[in-house]
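Hello,

Here is the structure I promised to send over.

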Amino acid sequence: MGDWSMTSPLGVSMENSEISSISRVTLSSSRQNHDSLYSSSLPLSKSSHNVLSAFCIEENVPQCILYINQELSSLGLASMCIATPVEATLNSVPALNAMYELLQAQRRSQRSLEALEQDLLRTSSTLEHLQTGNYRLKDQLELLKREKSGLHEKERQLQLKIETLQSCLKSEKEEIQKLQNIIAGRASQYSHDAKRKERECVKLKERLGQLLIDKRDKKLAIDVLNYLGRSDGKRIQWKTGKAGTSHEGDMYKSLLNDYEARQQSLMVENSELKKVLQQMKRDMMYILSPHKPCAKASPGDDSPERGFPPAGLEGQDEVGECSRENLDQSCEKAREQLTYSIRLQWRRLKNHMEKLDSQVSLAQTQQQSGSEEAVPREVHEEEMQRMRLEVQQGKDFIHTQQQLLQKQLNSSFDDETAALLNDCYTLEEKERLKEEWRLFEEQKGNFERERKNFTEAAIRLGHEKKTFEEDRAAWLKNQFLNLTPFVDRKKYSLSDSQSALSIRSEPELQQSYTPAKLTKSSTYNEFSTTYSSISDGLPSTTELYRTLHLIQPETRHSKRGSWQEPSSPIRAENLFGKSKCSVRCRDPCILSLDKDGDSPI
Amino acid sequence: MNFSEIFKQSNQLCRISPDGRYLATCVQYRLVVRDVNSLQILHLYTCLDQIVHMEWSSDSLFILCAMYKRGLVQVWSLEQPDWHCKIDEGSIGLVSSRWSPDGRHILNTTEFHLRVTVWSLCTKAVSYIKYPKACQKGIDFSRDGSYMALAERRDCKDYVSVFVCEDWHLLRHFETETQDLAGLEWSPNGCVLAVWDSCLEYKVLLYSLDGRLLSSFSAYEWSLGIKSLAWSPSSQFLAIGSFDEKVRILNHITWKKITEFEHPATIYPALAGLGLMCVSTDEISQPPFQIPVVKPDLDRANPKVGVSSLAFSADGRYLATKNDNMASVVWVWNMQKMSLEAVLEQTAAVRCFQWDPRRPRLALCTGTPRLYLWSPAGSVSVQVPSEGGFQVHALSWHSNGDSLVLIGKEHLCLCYMDTEDKSTDSNIWTK
């Protein structure tokens, strides 16, 4: 690969140079064609100095023009003849146009040529690339082929090896088989030999014994001073068949004794076990029977133990009794019953234990303290039951509550719930009313204060009115006394001022308090009406209220038709806003009145 | 604990009479009979050659002295010191001699196990029993002395013959299902005969007195098998020690394995019972602890591995075992809990151990001048007081369990136990 990659750039460069030369050749050939056909401007301009080789000279201008005209028309540019056929003079405009078009065409062709050249370059480079790729692939192919052949060779060798190994294995196996056979043969041979040797040995021993016996070995002797009596004091007996049978009898007797002893011990053990069993049974019954009513009492308890009817218990007791009785009489009969009852009881015990286990686990989950263990089981169970009931009740309660809530949300109130809600609402209302009452009390105090102010103001007004009346009287008297030629005017002005006074002075005084009142509580009109009735006694307040539109405006109408009644409280407010400034300048007004009164005078 | 003065003996031949009144010792040609309590010499007999074997008769009236090289057996009477009896096996040779249980017959096994000669001291009668098998334990008498089982080999098959000892009547003769019978042993109640195969095959066969095969037991195959076997005193259990360093306990009803005791090199607390302790020379340690193990050469015949000695205590509560590749350790197992009770580790290899015939008390010796005693209450090691350094090679209890014969290489001494063990124990500890 290294070699290949090294060589490839060289090849590429070679190729490149070749291709470029080729393209140049083709390009030049096409140029020449073009030149011959179109007699391009480049050689024309260059060869303008060259008279001989020039296309157009002074003499052949018309021909040239004609030729060009023809050429142009044949190229499809013409019909606008650059020259009039008759005069054969160069018409400059179409000629220029034609030239322009020609130039354009030439440029276009140039451009396309360039593009084509580029394309050609690109294609040549791709070609080159492909060629190199091709070379590479070829190399690879070669390599792979070589590899393949190598692998084939290897495979063949391996196959050969396998074959040889298999043959080896076979031979080994055969060898093993052979060896095993040899071993087995040797073993049998050995055992046979051993037996033979042993037999020989025995034979030799026999022969030796025979020889020794035959030889009458003098040495072989016992030398006893006097024979001893038997250790048991009995006399020696002759060997007879009777003796043999007695030995048999003795043997069997001893065996029997042994078996009897064993049976005795087993019986003792058995009775012990029976005792234990009975005690266990009694204990079990004691354990299980007090539990029984407990289990029955509990409604939530569904242990399998409940499956045993009380009759079964009785029956079991009977069985137990039976077995107890029978045990002494016939073990054979009792055995089945015994095992049956034991199994039954054992099952019950197991169930009970399981139940207890579950209860214990339950208790543990309920996180009950360890002191509980001191509490007896019955109490514990009762407690459990009670708690379970409580839990159930709580759950029921929650459930009903949920249901009710749901219902309430979905539909209209029930009577009860409505009452309940009403209660709630009245309570709320009460609270609100109390608050309002407090507010009212406050307002009442305010009103009281205002009334006091009003009365004071009224009193003051009364005093002022009085003084004004006195003034007027004095003024009238004065007027009356010194009559002037400006009587009319004076009269008018007087009436005017009077009316103005009557209108202005009274409401102005009252209005001075209204804005505060209005801003304070504009919504309590109805209350103020009732209030107004209380404060009706004062003469000035009626006028005050009149200005506030709190009393019937009839009096005003009757008094002055010119007073425009405000249609809406807003208007009134505006009016009040206007009148405010006038209130402020009440005294100056009066003064101005005086002035007015004075100034004409 | 008191020690007697030291006496000479040869061939470690010192026996206390079965009734416990006499002590017989052999010194070369002489047989010395002493009173156990006073140690006064009561009788002195002279034999024809150096005594190789000596045995009391069951009634403690006669002593058998065998001189195998000369094929001679001499019998001495205690009651009649001038009474004598000499049995000559002649040119056929003698390899073993023993009393019959009645004390009136002598059974001699000739060389090459050609035959067993039964000599009667009552009559002059001689009986021959042919084809005795040369094996580990080919003859066994039942505990009550009424039957004798003898292993035989005929036509390359193993047989067992059961004789009535009273008149040597052949009671039963049956073939056993063994490849190569290695031994047989009566149960203490004399009703079951355990027969085991050679170490090449793990096989125990249990025969009834009448020759019925009760059961057979095999723990494993293709490995070295049984090395030792012991009945519990109540005949309830049969303990089988094997080359795999385990003891298997069979019961007497189903003859199935109840449990097996392993002899691990490391003892963990979990393995042992509550009161387990390791008693090594003078200290008691709690588990876990390591036990020195000698790696046996397994390529050689009879490798030093496996349980070679088993002994039940007299009350059957304890079982003492010794594993050959842990030669310095004696294991005591509790047969009620079926668990390890104690591990007695010594500095040297244990030579011999024996249970007190009356109490659960184990005495053991290691070839050092010390005597070791173990009981459930504790353990004691006692230095044997002597100038020359008395090395205890073997020991045997007096039948009442109050004294102990300590046997050295050429000497012996008696060790008297105190009834108030506690006080002496404390004394010994302070020694």
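Below is what I found, beginning with the surface.

This is a predicted model, so local features need pLDDT of at least 70, side-chain atom pairs count only at pLDDT 80 or more, and totals for chains, interfaces and linings use all residues. Residues are numbered from 1 along each chain as its sequence is written, chains are lettered from A and ligands numbered from 1 in the order in which they are written, and side-chain values use heavy atoms, with hydrogens and water left out.

A patch of positive charge on the surface brings together A:Lys195, A:Arg199, A:Lys203 and B:Lys157. Patch residues have over 30% relative accessible area and no salt bridge, with like charges joined within 9 Å and nonpolar side chains (Val, Leu, Ile, Met, Phe, Trp, Tyr) within 5 Å; a salt bridge puts a side-chain nitrogen of Lys or Arg within 4 Å of a carboxyl oxygen of Asp or Glu. Accessible areas come from the Shrake-Rupley method with a 1.4 Å probe. Helix 4 (residues 92-215) of chain A gives the most to this patch, three residues; helices are DSSP runs (H or I) of at least four residues. A:Lys203 is exposed at 59% relative accessible area, where exposed means over 50%, buried under 20% and partly exposed in between.

A:Leu179, A:Ile182 and A:Ile183 make a nonpolar surface patch of about 270 Å². A:Ile183 is in helix 4 of chain A and is exposed, at 56%.

A:Leu338, in helix 7 (residues 331-365) of chain A, is buried at 14%. Its C-alpha is 9.9 Å from that of A:Leu277, 61 residues away in sequence.

Best wishes

Notes: Lys and Arg count as positive and Asp and Glu as negative; His and the chain ends are not counted. The place of a charge is taken as NZ of Lys, CZ of Arg, CG of Asp or CD of Glu. Helices (H or I, at least four residues) and strands (E, at least two) are DSSP runs, numbered from the N terminus. Buried means under 20% relative accessible area, exposed over 50%, partly exposed in between (1.4 Å probe, protein chains only).
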